[in-house]
Amino acid sequence: MEPELLIILTRPTDRRAHGWLLGRPMTLKVFWSTLIVGMQLIAAGIGPLEAADWFRWRGPELSGASAEVEWSLGNSHSRKLAWQAEVGTGFASFVVSQNRCVTVGHIENQDVVVCLDVDSGKILWDFRYAAALEDRDFEGGPTGTPTIDGMRLFVLSRAGDFFCLDLLTGNQIWNVQVAEAAAVRLPGWGFAASPLIVDSKVILNIGEHGAAFDKSSGKLLWKSADREAGYGTPVPVEFQGKLCAIFPSARAYIGVDLETGTAIWTERWLTTFGCNAADAILFKDQFFLSSGYNRGAALFQLVDNSPQLVWKNKDMQNQLHASLLHDGFLYGIDGDMERGASLTCMRWSTGEVAWTKEDIHPGGLTLAGDRLIVLTADGDLVAVRADPKAYQELERIQVLDGKCWTTPVISDGRIFCRSVSGQVACVDARR
């Protein structure tokens, strides 16, 4: 028997900041990756608006996809580079709301949260806190992307310093050292997951399978055991009446009841260096996992509270970034990023590879409509048709110099991307 799941697509808790998500409450026998927020607002009966804000990691629906279709990169002779800025060393991506774009970098022994005006690139405010560069095995700097909830911004540092800031002013509302508060160790490269807002809670991937804090005060609500966390962000789902999430740890992916913090199931998933960095991808009653370092990928089906293997192979190895699911096919960065990874298209249901493009060397990618926005490792922005028949490159412009391993973001026709050294570029892709 398939599990019974309630899917509710709602708008976020503050329409001024977020816009709307499409949908109405419905009951289906499916396993879905939709976070339930602001259920009380459904009764308001206000119609949905276009959701242009990219207010959290992997976008409004936590899928890495945007519904925007009216965009174009132009070409090398008519590229639409609107502005550039400098934010410091790091790998954090962007969140966008209230005509503001926020990311995090590292400058001279401080992490710097930078809020930019989306039209001009002008720095509206910055917020700084003491932090080590921590450049062991890579350039260092912040790796986690902030989260916007209404008029508040949540930022988690690699060392566990957790801040709630006012989005408009950058003023600190509260902060807590979460590793100390939850009595958990830091993973080898520090915390990297983004904060996940669930009703009145903010969920962090720290410890064996996460911890929850009150989003108004920073008070610890529940925690998990003192074991090493993974680097991916928890993905929410309501299963059999319980709001849950899948957490990557250093040794497993774990299904957790978000009300109590209780682990419901554990799928052992061992990776070199304990580096489980890619978020789980969910569709219907199945979920997809992938890691690098020769670990590979697998599809599971949840049966009676237990994951059952559907298939596994080593043809998709997501070292850092989760793949994107579109019309039954996964599009992902396969392989070792330092050596030059490939862009691969794989069938969801079987794991069969449809095509691989080895020489594009993607550093990050996002889906917008039926096109991929690929930021290459050396700074090209490329539009690629999301088509399993063949690799189809549509447009390409160079926007950055140097190493680029951060996911690009599209919001209201603007594409935001950055290099590891901290160069930010905004492309006005509105048609």
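The protein exposes about 16,500 Å² of surface, of which carbon and sulfur atoms supply 48%. These values derive from a predicted model. Of the 431 residues in the protein, 61% are buried. The secondary structure comprises 35 strands and 2 helices. Among contacts between residues at least 6 apart in sequence, 53% join residues at least 24 apart.

Strand 23 (residues 296-303) and strand 24 run antiparallel and are joined by 7 bridges. Within this pairing, Gln301 has Gln308 of strand 24 as its bridge partner.

A charged residue, Arg158, was considered next. Arg158 is located in the loop that connects strand 10 (152-156) with strand 11 (161-166). Although buried, Arg158 has no salt bridge. The nearest side chain of opposite charge belongs to Glu134, at 5.1 Å, whereas a salt bridge requires a side-chain nitrogen of Lys or Arg within 4 Å of a carboxyl oxygen of Asp or Glu. When neighbours within four places in sequence are left aside, the residues in contact with Arg158 are Leu133, Glu134, Phe138, Gly140, Gly141, Pro142, Thr143, Leu186, Trp189, Gly190 and Phe191. Glu134 is thus listed among the contacts of Arg158, yet no salt bridge is formed by Arg158.

Methods:
Residues numbered from 1 in each chain as written. Predicted model: local features only at pLDDT ≥ 70, side-chain atom pairs only at ≥ 80, totals over all residues. Heavy atoms only, no water. Pairing = 2+ DSSP bridges. Helix = DSSP H or I, 4+ residues; strand = E, 2+ residues; numbered from the N terminus. Buried < 20%, exposed > 50% of the residue type's maximum accessible area, 1.4 Å probe, protein only. Contact = heavy atoms within 4.5 Å. Areas by Shrake-Rupley, 256 points an atom, 1.4 Å probe, with all protein chains shown as cover.
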